[in-house]
Amino acid sequence: MALYVETVIDTDMDVLWERTQDPSRHQSWDLRFTSITYLPRAEGESQKFRYATRLLPFLWVAGTGVSAGERQRADGTRVSALRFASGHPLSPLAEGSGYWRYVPGTTGIRFLTGYDYRPRWGRFGALADRLAFRPLMGWATAWSFDRLRLWCERGIHPRAALARALGECALRLAMVLVVLFASPFAPLVLAAGAAVLAVLLPPLPGTPAARRCRRTPIGRLRSPRLLATLETS
């Protein structure tokens, strides 16, 4: 059940690389992380980092990881890989690994990820992961990828993209509430129809949407050799 997300971004390769590899820029568009900090390293070592995600205003879940990237490859692609772990008892994942691929094409750069992790809390954690957390992680990754695409292609900063998404969600919710309270004779039927419409209507072009990303790979999913190097280091 490894997670996979892919999008096509019409931008310069160096721009995309910087906005995904620089920690301060990465954390600005990726919903899965609130902060990412690189740790000091010696020359020739893989890059170690510390990450944290804010679950509540005063509740943070932190972890550490190691990453490496290949910026110059013979086929013109780029790749980065990482492995990570969290010892926090409230973290739903214990450890995991993944990668990003950057594949230039005629319509833009295919930017894709594949990753997997081991959930915490035994059988209960495995069930909760299958039913709730893993689908949420897949959605958050796809939504974040489209948020990154809008930043690279349209110049919509991630903060502005989030504001647009929240505003559009508020408008859709308001539409359902208006129908519910303005139709006293058949509120449930009309409200249900409005709710379905609010969910199915496509988002505005400048609003991030997970549905714009591919969620299944074309062909067999293969991890880069770089990831195996990290796992055995």
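A: Helix α3 bends by about 60° at D129. The bend is the angle between two fitted axes, one for the seven residues ending at the residue and one for the seven starting there. This is a predicted model: local features need pLDDT of at least 70, side-chain atom pairs need pLDDT 80 or more, and totals for chains, interfaces and linings use all residues. Residues are numbered from 1 along each chain as its sequence is written, and side-chain values use heavy atoms, without hydrogens or water.

D129 is found in α3. D129 counts as buried because its relative accessibility is 5%; buried means under 20% relative accessible area, exposed over 50%, and partly exposed in between, with a 1.4 Å probe and protein chains only. Beyond its neighbours within four places in sequence, D129 is in contact with Y117, P119, R134 and P135. Contact means heavy atoms within 4.5 Å.

Now the sheet. Helices (H or I, at least four residues) and strands (E, at least two) are DSSP runs, numbered from the N terminus. 7 strands form an open, antiparallel sheet in the order β1-β7-β6-β5-β4-β3-β2. Its edge strands are β1 (3-9) and β2 (35-38), each pairing on one side only. The twist averages 20° from one strand to the next. Two strands pair if DSSP finds at least two bridges between them. β2 and the antiparallel β3 (residues 47-56) are joined by 4 bridges. There, S35 stands opposite A52 in β3.

Helix α1 (residues 13-21) lies across β1, β2, β4 (59-70), β5 (78-85), β6 (93-104) and β7 (109-119), and runs at about 170° to β6. Helix α3 (residues 122-154) touches β1, β6 and β7, and its direction makes about 155° with that of β7. Axes are lines fitted to C-alpha atoms, for helices over the stretch in contact; angles run from 0 to 180 degrees between N-to-C directions.

After α3 comes G155, with a positive phi near 75°.

Last, the cysteines. A disulfide is a pair of cysteine sulfur atoms within 2.5 Å, and the count comes to 0. C152 is in no disulfide. The closest cysteine sulfur to that of C213 is in C152, 12 Å away, so the gap is too far for a bond. Both cysteines are buried: C152 has a relative accessible area of 14%, and C213 has 8%.
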